[in-house]
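This report describes selected features of one protein model.

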Amino acid sequence: MSKSVDINCDLGESFGQYSIGSDKEIMDFITSANIACGFHAGDYSTMKKTVALAAEKKVNIGAHPGLPDLQGFGRRNIALVKGEAYEITLYQLGALEAFVRAEGTKISHVKPHGALYNMAAADPQLAEEIVRAICDFDPSLMLFGLSGSELIKAGEKAGLSVKNEVFADRTYQDNGTLTPRTMEGSLIVEDSLAVKQVAEMVKHGTVTALSGNKIAIKADTVCIHGDGKHALLFAQKLNESLQKEGVKTAAAQSK
């Protein structure tokens, strides 16, 4: 039986006069787009354009809510009061939904961004608030979360269709978490090594941690980052490599 995997990418992260990523070109090599909702990146014009582009390319549209941190690109941990994660997630879902409705299409999934994503991966209360916002908004939406994380557990408990996400260009710790960006070796800079890591995760269900130990991992969807200098070239290489490995790329489907 041939394997298949969803390829997702964080897009719509331009803001005002600042252009980030090659959204138009990279759409041809992914199956799901996580669109920034204006808190960590993106703005109303960018959201509109990115939604229209994803609809044209027949790529799944996902909401990519983050912390209110444009200056830090949503990658700085911010302490949230109880209930705030629910509110900012719901707010951003509503913002993207307006453009999605206007385009005559729909949101398929939700994937938190950056620090919010990593915080929810380890914090059960934060994870529950994000999941509750999704359930209150539309319980048919899929939830993308770090493989085996508290966010995935909260989504499963609430009955959401969850997709375990793995990362092509990030290294892992022995407990299955991503190596913090503040640590040396957190990013995989060589395309060949990133491609090799994806093949291992998708085909064998394991990943070699930064320590050298192999750990179990589930790969329903693979994230490639759209803001890197070589993002487009890497997306092409990854697609070609997966084809050679006999792995099909297909958009994630709700259970």
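Is I217 buried or exposed? The model under discussion is predicted, and in it I217 has a relative accessible area of 10%. Because buried means under 20% relative accessible area, I217 counts as buried.

**The surroundings of I217**

I217 lies in the loop that joins β8 (214-216) to β9 (221-225). Leaving aside residues up to four places away in sequence, I217 touches S147, V166, Y172, M201, G205, T206 and V207. I217 and L11 are 206 residues apart along the chain, and their C-alpha atoms are separated by 25 Å.

**Helices α7 and α8**

The crossing of α7 past α8 is right-handed.

On the side of α7, the contact is made by D191, A194, V195 and V198. On the side of α8, F234, K237, L238, S241 and L242 take part. By class, the residues of this contact comprise six nonpolar, one polar and two charged.

**Helix α4 and its cover**

Which residues of helix α4 (residues 114-122) are buried? They are A115, L116, Y117, M119, A120 and A121.

**Cysteines**

How many disulfides does a search of the whole structure find? The search finds zero. For C9, the nearest cysteine sulfur is that of C223, 6.7 Å away. A disulfide requires a pair of cysteine sulfur atoms within 2.5 Å, so C9 is in no disulfide. C37 is likewise in no disulfide, and the cysteine sulfur nearest to that of C37 belongs to C9. The table sets out the values for these two residues.

| Residue | Relative accessible area | Nearest cysteine sulfur | Distance |
|---|---|---|---|
| C9 | 0% (buried) | C223 | 6.7 Å |
| C37 | 5% (buried) | C9 | 15 Å |

C9 is thus buried at 0% relative accessibility, and C37 is buried at 5%.

How values were computed. Residues are numbered from 1 along each chain as its sequence is written. This is a predicted model: local features need pLDDT of at least 70, side-chain atom pairs count only at pLDDT 80 or more; totals for chains, interfaces and linings use all residues. Side-chain values use heavy atoms; hydrogens and water are left out. Helices (H or I, at least four residues) and strands (E, at least two) are DSSP runs, numbered from the N terminus. Buried means under 20% relative accessible area, exposed over 50%, partly exposed in between (1.4 Å probe, protein chains only). Contact means heavy atoms within 4.5 Å. A crossing is left-handed if the near helix is turned anticlockwise from the far one by less than a right angle, and right-handed if clockwise. Ala, Val, Leu, Ile, Met, Phe, Trp, Tyr, Cys and Pro count as nonpolar, Asp, Glu, Lys and Arg as charged, and the others, Gly among them, as polar.
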